[in-house]
Amino acid sequence: MMQTTLLTLLHSSVSGMLARQIDLDTIANNLANVNTSGYKPARVDFKELLEPNMKDTELAGPYRGTGLGVTRISVSPGALTMGDSPLAMAIEGDGFFAVNLSQGGVAYTRDGRFTKDANNNLVTASGRRVVWQGTLPADAQNLHVNPDGSVMAQVNNIWTQVGRLQTYRFVNPSGLLNVGDSSFQVSNDSGAAQAGTPGATGYGRIMSGVIESSATNLSDEISNMIVAQRAYSMSVKAFQQTDDMIGLAIRLRVR
């Protein structure tokens with residue numbers, strides 16, 4: 001059974017400071033992306049390392065107290081605003097768009113600031129190609145996306161379907177891995193991507209001409225930051241007091 005010593009208390013306060021620092025870094029990143037389209041704020045979950053019946057060899061490192069658990073992304077939707085492209089779109093409900101990464105692989109995003117590039121590819125605001133089935137006509141006069149993901153183009157004043165978008169959902173979307181640019185990749189926690197038709201059961205419909213704003217709630221993040229800062233300050237005080245006790249014990253011993 002683990003014994004509580006001054007060194008254990010020292011480790012506990014140190015782990016508390018490290019945990020709150022990670023928490024503050026995560027909150028700061030959420031605040032920095034308050035105006036980023038499609039951004040999903042993250043939350044850090046921590047775990048307790050003070051299990052009385054746990055063997056020392058089963059604990060990660062020498063620290064006691066608080067350990068890093070998992071980082072979860074929020075699944076709350078952001079507000080919808082008008083886009084500046086006829087190909088701008090948002091998902092009303094569950095689901096993600098799929099985009100190709102430059103280094104290979106596929107990522108998933110709610111940032112629907114899509115447009116047509118010089119080669120008539122459907123791309124994101126950062127130039128990543130959107131995964132879809134179809135081709136955008138070079139001479140299209142107008143473009144539109146229906147709620148079911150069908151992409152329509154007006155050529156010579158005639159509207160025709162030129163392709164279709166699918167959306168993707170996950171058993172546990174909170175477990176997706178953040179790869180930047182409001183994009184996420186599959187993890188063991190999230191489960192595999194499940195493709196479906198927008199508007200079908202369990203899949204949100206596509207809204208054309210609008211985009212989803214950041215889901216970051218400014219007031220919530222500021223409140224979380226104040227709590228994390230106070231918790232960090234308490235851990236610092238606990239460390240200082242424990243350090244003073246250790247110093248006192250050493251001085252008493254050498255006398």
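A salt bridge is a side-chain nitrogen of Lys or Arg within 4 Å of a carboxyl oxygen of Asp or Glu. With that in hand, let us work through some exercises on this predicted model.

**Exercise 1. A network**

Task: Find which residues are linked with Arg 110 in a network of salt bridges, and work out what the pair Arg 110 and Glu 212 ties together.

Solution: 
- Step 1. The network links Lys 40, Arg 110 and Glu 212.
- Step 2. Take the pair Arg 110 and Glu 212: their side chains meet at 2.9 Å, N to O.
- Step 3. Now place the two partners. Arg 110 sits in the loop between strand S6 (106–109) and strand S7 (115–116), while Glu 212 belongs to strand S18 (residues 210–212), so their bridge ties together parts that are 102 residues apart in sequence.
- Step 4. Check the surroundings, using under 20% relative accessible area as the mark of a buried residue. Arg 110 has 5% relative accessibility and is therefore buried; Glu 212, at 1%, is buried as well.

**Exercise 2. A pair within a helix**

Task: Determine how Arg 20 and Asp 23 are placed in helix H1, and decide for Asp 23 whether it is buried or exposed.

Solution: 
- Step 1. Arg 20 and Asp 23 form a salt bridge, and their closest N and O atoms are 3.1 Å apart.
- Step 2. Helix H1 covers residues 6–32; because the two partners are three residues apart in it, about one helical turn separates them.
- Step 3. Asp 23 is buried, its relative accessible area being 16%. Arg 20, at 22% relative accessibility, counts as partly exposed.

**Exercise 3. A serine in a loop**

Task: Describe where Ser 174 is placed and what it is in contact with, leaving aside neighbours within four places in sequence.

Solution: 
- Step 1. Ser 174 is found in the loop between strand S13 (167–169) and S14.
- Step 2. Its relative accessible area is 16%, so Ser 174 is buried.
- Step 3. With neighbours within four places in sequence left aside, Ser 174 is in contact with Thr 71, Arg 72, Ile 73 and Val 75.

Terms used
Residues numbered from 1 in each chain as written. Predicted model: local features only at pLDDT ≥ 70, side-chain atom pairs only at ≥ 80, totals over all residues. Heavy atoms only, no water. Helix = DSSP H or I, 4+ residues; strand = E, 2+ residues; numbered from the N terminus. Buried < 20%, exposed > 50% of the residue type's maximum accessible area, 1.4 Å probe, protein only. Contact = heavy atoms within 4.5 Å.
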